[in-house]
Amino acid sequence: MKKLKKIIILGSGALKIGEAGEFDYSGSQTIKAIKEDGIKTILVNPNIATIQTSKFLADIVYFLPITDYFVEKIIAKEKPDGILLSFGGQTALNCGLSLNKKGVLKKYNVEVLGTPISAIQLSEDRKEFAKHLKSINIPTPRSLIATTTTTAVSIAQKIGYPVMIRAGFALGGQGSGIAKNEEELKKITINAFAFVRQILVEKYLHHYKEIEYEVVRDIDDNCITVCNMENFDPLGIHTGESIVVAPSQTLNNFEFQHLRSAAIKIVRSLGIVGECNVQFALNPNPKTKNKKSTNADIEYYVIELNARLSRSSALASKATGYPLAYIAAKLALGKNLTTIKNNVTNVTQSCFEPALDYIVVKIPRWDIEKFKGADEKIGTSMKSVGEVMGIGRTFEEAYQKAIRMLDLDFEGATSQSMLWNSTKTTKQLLEIATPKRIFAVARALKEEMSIEQIYNLTGIDPWFLSRIKKIVETEKNLPKNIKKISKEQLLEMKKMGFSDRRIGYVCNVNGLEIRNLRKKYDIKPSIFQIDTLAGEFPTKTNYLYVTYNGEHNDVEPTGGDGVIVLGSGPYRIGSSVEFDWTSVSTVMSLKKHKKKSIIINCNPETVSTDYDVSDRLYFEELTFERIADIYDFENPYGIIVSVGGQTPNNRAKSLNAHGCNILGTKSDDIDRAEDRTKFSKLLDELNISQPAWDKFSHIKEAISFSKNVGYPVLIRPSFVLSGTLMRICHNKEELIHFLKDATLISSEYPIIISKFIEEAKEIEFDAVAFKGIIKAFIISEHIENAGVHSGDATIAFPPQTLSESIQVEIETIGRKIAKALSISGPCNMQFLIKNDVIQVIEVNIRSSRTFPFISKVTGVNFIDLATNAFFDIDFPEINIPKPKFVAVKVPQFSFARLTGADPILHVEMASTGEVACFGENIEEAFLKGELAVGGKIPQKGIFISLGGEENKEKFLKTAKKIVELNLPLYATEKTTLFLKKNGIYANKLNKLHEKASPNILEYFQNGKIDLAINLVEKHLTKDETDQYTIRRAAIDHNIHLFTNFQKATLFISAITSNYLKEMHIRSWKEWENYKK
Amino acid sequence: MKGNLILEDGTIFQGESFGAEKSITGETVFSTGMLGYPEAITDPSYIGQILIATYPIMGSYGVANSKNWESDGIKISALIVSQYIDTPSHFQSEMSLGEWLKKEGVPGLIITDTRLLAQKLRDKGTLLGKIEFTKKIDFYNPDSDNLVAQVSTKKIVEIAGKDGKWKNKTIMMIDCGAKRNIIKCLNKRGVKLIIVPWNYNPFTEKTPINFDAILISNGPGNPKMADKTIITIKEILKRKIPILGICLGNQLLALAAGGETKKLKFGHRSQNQPCILVGGKRCYITTQNHGFYVSKIPDGFKNWFINANDGTSEGLMHKKYPFMSVQFHPEAMPGPEDTEWIFDFFLERAFIN
């Protein structure tokens, strides 16, 4: 191996369903591991919200798309000696394969480090891989490759239904599915072929167990399995969609070791160097020849292999405490496993397999109901947007913790709120896997359905069902009167992971009363270390969890030097890696203030939960109860609630009441911004304008208010699961329809209606204040007009269309509000501007989603500034000069994953991630950003559908520009006529339901169109369904789609004026030094 | 029913019984293996010991029939777990762990904080302990007894090999409390086994048996108690007959060859012990269950393996003759199967010059 001086690392880009925060964890550990060896790191990752793209990590960062085009240019410029492909998920792997195929790596003499490219290719080609496994006597399910739907059908007839369809090279199983008959098979294959060229049709293994191993191998053939995991759900539910436990619970030694040995054999045969994930299907009831079975009875198949760090490896790393990505990076550099120091224990070796003395339960977090029209069924492809991991000493404890960690107001396994509006029977809820199913299991057990019957319906192993039954029964047996609860009973409940609130709910008191009873009985949880070796040796590990199944603490309280930082909890729509960046940045800044950081977070995909980030890590619930427990134990200097997004912010009030020292803005002031009535009053007092709004409990009042302020109005129900379900109503009919349909209005749950201002600009104002004085602020501008959720908006900095005077006015209002709320620390305000009138729509007294973006673009770390305020240290005001370049933050959507979801942008957030790119002008920055989130420059044809007259007129100028591209233009009938009238020729295509040729669907399917623009009318119209099917078909055929006027216009402007060759390949540092 | 675990330092842990309600005493040890409880607790090396499982959830897959055990029954004195699962789920399960313990008269206690127990033993070293229900009993130190004699076969047993490479070879196994999988590992390689008691000396018998090599099995307790075995091994060494020692067999070989053994502070009992092949780049993950170790390498021998965690000797290799031994369990059961090659290596060395 040649001496390495400079390594290029490919990241995974924006967070998307199937590829999320886990790759920030793996990339960050990798960079650390490489830098330790004195090697320079170059990182390509446009995801500006990540920690890996922070100044203290990679030496050189490129915020550019991870495509062969851009990476080749970076390689040509930087001339690295080596490249790492296995730390940025499938995106990095695919890009690397493509670079290799094009001969780029050879041309520039760049060595692929770690697992050789031939092994990656073999593992990614299903047919070749199956052949390879057969050659080493490892079984794979009977399957055949199909490249057309017709062959898929004939294969399925041969193998027999049900069959499983698997698409190669796919993120998180996209395009995969189970077909019980020909009709279902056709539907799945047509969809799959939009993304891939070949699929695998295989025998579906009904109710098999799914077991995974995380294997590590070095260049000298040392090979270990760091962790094994068992899926709670049977085969057929993607491992990213399944509840997963580690270690496995229902395997005996023979099965465990047999599969372990098989995993190692496969990894050795492929020549993996680094990390690899192997997934098996295991028959829970193999046919035995005689009843006296022996260990020789095992029936298993390999179903999946990832020759790279994956979501499972991030989970395994957090589950065991073993730094998988760090070790994998060292191995990729050619190190022997026995020579790598074990930084976690400092007493044992890296070449060992962790022994756990606890169990972890991972539960995915879905937000499917946030997407209009999306199918809630879960299966072979991923839909979840995040995950949590509960740690406990019993399954019951870990499982109930994990359920609460989801942050969906579920108090545990017995919570039934998820089923509140379901009309389905328990049996139906069990039969079809959805996010509701685990709650239906508890309900079924309450209704005394047998474990056998539940198993038959769900395929969930009776072991897990028995544990849940135990939870249900224990709850049932609890006295309904708090006075009758004995110490033993209360302890028993706590050992099973019941929260104070749930126990309180059962006996009709609040959680605090149970907390007091616990105090009286002296029932306190224990603080245990995760030491990777089950206590065999004393270690100094800082990785902790809280359990009631213990009678001692492994650590001493931190005391007055300690500061608790609340992390973000699970990634979800609306709260993602940006809040991990703010949490980690806070921890870094605490060092300057000589404070010991204590992180509380429960998300295994994060960097904040890495072993070497904080002084102490509690992998724990972000519930009041647990935070208070930790606070009481640690007795710290204070707690920071304003850097982890909305979840920690919501805890401010109760923690303050508990006597916690909340650092930064006072809890009462936070409340004055959070409570709409109080906040509105404050704005009136300050003479700051806001859209008219009010609270309503009856439809009648709602109608009359809406009439008075004038439609459209924005409706916000106060009780909806996992979201806000906001909606804009344009007239009385819509309002009545929405409210009745959703039965969302009642005196218990009033709704909020506010005037919706159309055609307004939306502005972000991010700032840090000290005792009410703003010390630094940034104004950035949404590209889309108001009506698109700020999390879905494309945001430009510096602002492109705002006059100096209006910016000064925004600043003045911002200062007034900060003063009035005595803000000390980070804050974010959102404004609307129409006809030069500024209105306030929201104030968050916490760091916002835009903090990493503005901090990195301006070079001023807003979190670092805010940390001063947390410690009452005054600091000078910073005047941030406007850069000479433009940076644009572009959202990433994952609609393709969510069958049926309408990909239109509206007031409800739908994006799963973001990127930000830089340019000399907005077109360059935006185009790079759009390409980084999967956009393509059209080469084949453009389809346009403009709903309503207004859209048509508005778009005409852009349509004229499109003509310059010299690409075939297609449009719906009315749009064709309109364009023709204006001298633009477009081919008319029939709508999908018309079935007549030439048809939109046919053109989508045949790959004749690679850009679709669909602008819809604001009002409900007859052809809404038509428009929806067009949008959905575009998504289903992987066609780049725009539904927003401003964004589509900017894109066309960018591709007509600023083509690829003019895009500058500049590193972050180069942009910082860039002068026009 | 409640029972108490009382340690020799005076600490008492109360637990709920899930096994036989019988007062017993023995040496308290902990194992960090996460699974394989039926194999572990039937391992004769555990005789006289109260076993604490650090993995908190035990009993999950019940108990399969006796063919899957490592001896004819439970060998531990008692089992301590944090959580006992009385609803096992596995196609092979024929009874629950609790039912089995009761059936065999072995106590089982649920003591929640098994981590605390492990930490205590790790810091203080292995302690004597007793479990008391109603009857009060005295402490007992199993090291003072010849435990090997208790678990060794009483008669000579012959087991024919299966079809395999070494079909015509015979190994005499000195049974000091051998795990069944050692026998299976040799049988499947074709070797015929003659299993003899610990105190059997083939060179003094009137009707000597014929064999090509010797295997000294694993077994319980202080190796020095198996004095008669050591005498036999000395004779074997003299005659240059190939030897493979496993676990206790490793210690006995060391003693017979002039080495020394000592007791470890709290032993190695786990399925994740890393052992480095001396002079190579390879490290193996091994199953271990021992309280004593080889503290002095005998003359003529070198370290074959060393423990990557604490540097102790994990195996011996004679510099010239096919005498070798490992402190870990190449037969696994429970634990990783990564060192089963030791059997092949030995057979090659023993029979191919």
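**Ground rules.** I am working with a predicted model, in which local features need pLDDT of at least 70, side-chain atom pairs count only at pLDDT 80 or more, and totals for chains, interfaces and linings use all residues. Residues are numbered from 1 along each chain as its sequence is written, while chains are lettered from A and ligands numbered from 1 in the order in which they are written.

**Chain A as a whole.** I counted 37 helices and 38 strands in chain A; these are DSSP runs numbered from the N terminus, with helices being H or I of at least four residues and strands E of at least two. The radius of gyration of chain A is 28 Å, close to the 31 Å of the globule rule for 1076 residues, so chain A is as compact as a globular protein of that length. For my own reference, that radius is taken over C-alpha atoms, and the rule is 2.2 Å times the number of residues to the power 0.38. Along the principal axes, I get a C-alpha trace spanning about 85 × 70 × 60 Å.

Next I checked burial, and 60% of the 1076 residues in chain A are buried. Buried means that 20 or more other C-beta atoms lie within 10 Å of the residue's own, exposed means 12 or fewer, and partly exposed is in between, with C-beta atoms placed from the backbone. Of the contacts in chain A with a separation of 6 or more, 71% come from residues 24 or more positions apart; a contact needs C-beta atoms, placed from the backbone, within 7 Å.

**The parallel sheet.** I followed an open sheet of five strands in chain A, ordered β3-β2-β1-β4-β5 with parallel pairing. Strands pair here if DSSP finds at least two bridges between them. At the edges stand β3 (60-62) and β5 (111-112) of chain A, each with a single partner strand, so one side of each has no neighbour in the sheet. Strands β1 (residues 6-10) and β2 (residues 40-44) of chain A run parallel, joined by five bridges, and I found A:Ile9 opposite A:Leu43.

**Strand β21.** Which way do the residues of β21(A) point? A:Arg616 and A:Tyr618 point one way, A:Leu617 and A:Phe619 the other, and all are buried. β21(A) pairs in the parallel sense with β18(A) over two bridges and with β20(A) over four. A:Leu617 turns up in both pairings, opposite A:Tyr543 and as bridge partner of A:Ile599.

**Strand β28.** Nine of the 10 residues of β28(A) are buried. β28(A) pairs antiparallel with β27(A) over eight bridges, including the one between A:Val768 and A:Ala776. Two residues lie between these strands in their hairpin, where A:Lys771 has a positive phi near 45°. Two bridges also join β28(A) to β29(A), again antiparallel, with A:His782 opposite A:Ile795.

**Helix α10.** How many of the residues of α10(A) are buried? I count 10 of its 10, A:Arg311 and A:Lys318 among them. Just after the helix, A:Gly321 takes a positive phi of about 85°.

**The interface.** Last, I found 49 residues of chain A in contact with 43 residues of chain B. On the chain A side, α9(A) gives the most, with five residues. That side divides into 18 nonpolar, 21 polar and 10 charged residues; nonpolar covers Ala, Val, Leu, Ile, Met, Phe, Trp, Tyr, Cys and Pro, charged covers Asp, Glu, Lys and Arg, and the others, Gly among them, are polar.

Conventions: Contact = placed C-beta atoms within 7 Å.
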